[in-house]
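Here are some short notes for someone opening this entry for the first time.

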Amino acid sequence: MRKIAFWTLFLYGIYALFFAFYLFQWTDSSIPAQYKGTSADPATFLTKKELMLTEQFSEVKNFLFFLSIPYEWVIYIFVLLFGLSARFQQWAEATVKRKWMQTAIYVFWLSLLVQVVTFPLSYISYSVAKMYHISTQTFSSWMRDELIDFWVNYAIMVVIVYVLYGLMKKFEKRWWVYAWLCSIPFTLFLTFIQPVFIDPLYNDFYPLKNKQLEAKILALAEKANIPAEHVFEVNMSEKTNALNAYVTGIGSNSRIVLWDTTLERLSEDEILFIMAHEMAHYVMKHMYWGIGLYIVVTWIGLLLTNRWMKRIVGRFGTLFRIKKWNDLSSLPVFLLLISLLSFAASPAMNAISRYEEHAADKYAIELTKNKEAAISTFQQLTRSSLSQVHPPYLVKLFRYGHPTILERIIFLEQQ
């Protein structure tokens with residue numbers, strides 16, 4: 001046990017040092033020489049102070065991102081090494097007889113432990129965003145969101161784990177196939193209810209107050225053959241200075257949403273460009289393609305998890321105090337493998353997302369025919385979020401579901 005614990009911490013330390021040197025010493029985020037002085041050059045639209053803050057904030061934010069993911073793996077490994085998972089299962093079985101209640105108790109203790117141990121990193125991320133004036137959220141409001149996150153994720157996790165381990169018990173060889181089949185309607189259900197039941201837990205949503213602007217957006221939607229009736233705005237200014245807009249939900253619950261910060265700081269033409277971009281996702285059915293891709297990735301992930309989970313428990317089950325691979329106490333192994341596979345797949349998933357976002361940019365400029373508004377929109381997005389125009393390669397690979405601002409502006413310049 002000590003050997004595994006030592007190597008886990010040692011490798012995490014090496015990983016953290018690598019990204020510390022990579023982000024703070026080895027990489028250069030300045031744009032290529034051929035783009036100096038163009039509208040993609042941050043020096044042309046940011047002040048010297050804004051340039052400095054952009055580099056500082058982006059470096060810290062990216063470092064915290066790369067620290068947080070394997071930190072979760074370390075937690076699961078130590079939960080297994082110290083037999084905490086087995087103890088949680090014993091407590092649950094000793095407390096109640098019904099399986100679903102045992103699952104609820106076990107998941108609660110595991111979720112609470114992970115929440116407590118990851119809290120320092122979450123708080124540091126919040127504090128950094130507050131320090132650089134990206135976040136405007138009070139500590140009490142931030143804690144409220146953290147608690148909502150915990151209970152929403154807990155409720156969803158209880159359902160998933162109860163069904164998952166029920167299938168593992170009943171179908172030891174093919175459980176992953178049935179789990180995959182169950183994940184399809186469950187994913188569609190969550191996507192359908194999110195705009196109406198989950199998102200309003202965090203913020204207030206209401207129809208766009210500026211009816212003249214709404215009329216222009218709806219006219220744009222009609223031009224794109226989108227049967228939209230309302231555009232929603234959300235009071236994000238209580239939490240952030242960043243700008244955003246997005247499409248969420250499916251079917252009758254699909255929504256186009258604008259942050260109120262976007263409405264306050266962008267011109268009408270810039271907002272119309274953003275709306276055209278979001279409409280492109282609807283027209284090109286990116287939401288459905290995304291769900292389809294998620295279903296395919298889930299199939300591969302569950303197949304690999306089935307194989308590796310049995311091998312890991314077979315080899316280390318005694319050390320972890322897990323009697324069988326399909327005991328509830330094996331959940332940290334399952335979560336560890338899913339997290340590892342998700343991280344490994346993220347570069348490919350991000351690349352597909354960047355392709356879709358580029359297609360949406362292309363559609364938006366064809367629909368609005370306003371290159372200047374599009375360029376100024378991306379410049380404003382850079383300023384409001386203190387994002388690097390030309391981030392390091394590994395940051396783009398693992399973090400960016402959108403093309404970089406440099407790529408987006410250069411594309412527009414060439415139109």
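**Notes on salt bridges and one buried threonine**

1. Asp 145 has a relative accessible area of 11%, so this residue counts as buried, the cut-off being under 20%. Asp 145 lies in helix 5 (residues 139-170). Bear in mind throughout that the model is predicted.

2. Two salt bridges involve Asp 145. With Lys 239 the N to O distance is 2.8 Å. Lys 239 sits in the loop between strand 2 (232-234) and strand 3 (245-248), so this pair ties together parts 94 residues apart in sequence. Lys 239 is also buried, at 10% relative accessibility.

3. The other partner is Arg 144, whose closest N and O atoms to Asp 145 are 3.8 Å apart. Arg 144 is partly exposed, with a relative accessible area of 44%.

4. A further salt bridge joins Lys 169 and Asp 327, at 3.2 Å between the closest N and O atoms. This pair links distant parts of the chain, 158 residues apart: Lys 169 is in helix 5, and Asp 327 is in the loop between helix 10 (286-320) and helix 11 (331-368). Lys 169 is partly exposed at 46%, while Asp 327 is buried at 12%. Shared partners join Arg 144, Asp 145 and Lys 239 into one network. The count of salt bridges comes to 9.

5. Where is Thr 262 found? Thr 262 belongs to helix 8 (residues 260-265) and is buried, with a relative accessible area of 0%. Its side chain reaches the backbone oxygen of Asn 244 at 2.8 Å. Residues that Thr 262 touches include Leu 243, Ile 271 and Ile 274.

Conventions
Residues numbered from 1 in each chain as written. Predicted model: local features only at pLDDT ≥ 70, side-chain atom pairs only at ≥ 80, totals over all residues. Heavy atoms only, no water. Helix = DSSP H or I, 4+ residues; strand = E, 2+ residues; numbered from the N terminus. Buried < 20%, exposed > 50% of the residue type's maximum accessible area, 1.4 Å probe, protein only. Polar contact = N/O pair within 3.5 Å; in protein donor to acceptor, adjacent residues only side chain to side chain. Contact = heavy atoms within 4.5 Å. Salt bridge = Lys/Arg side-chain N within 4 Å of Asp/Glu carboxyl O. Lists of a residue's contacts leave out its neighbours within four places in sequence.
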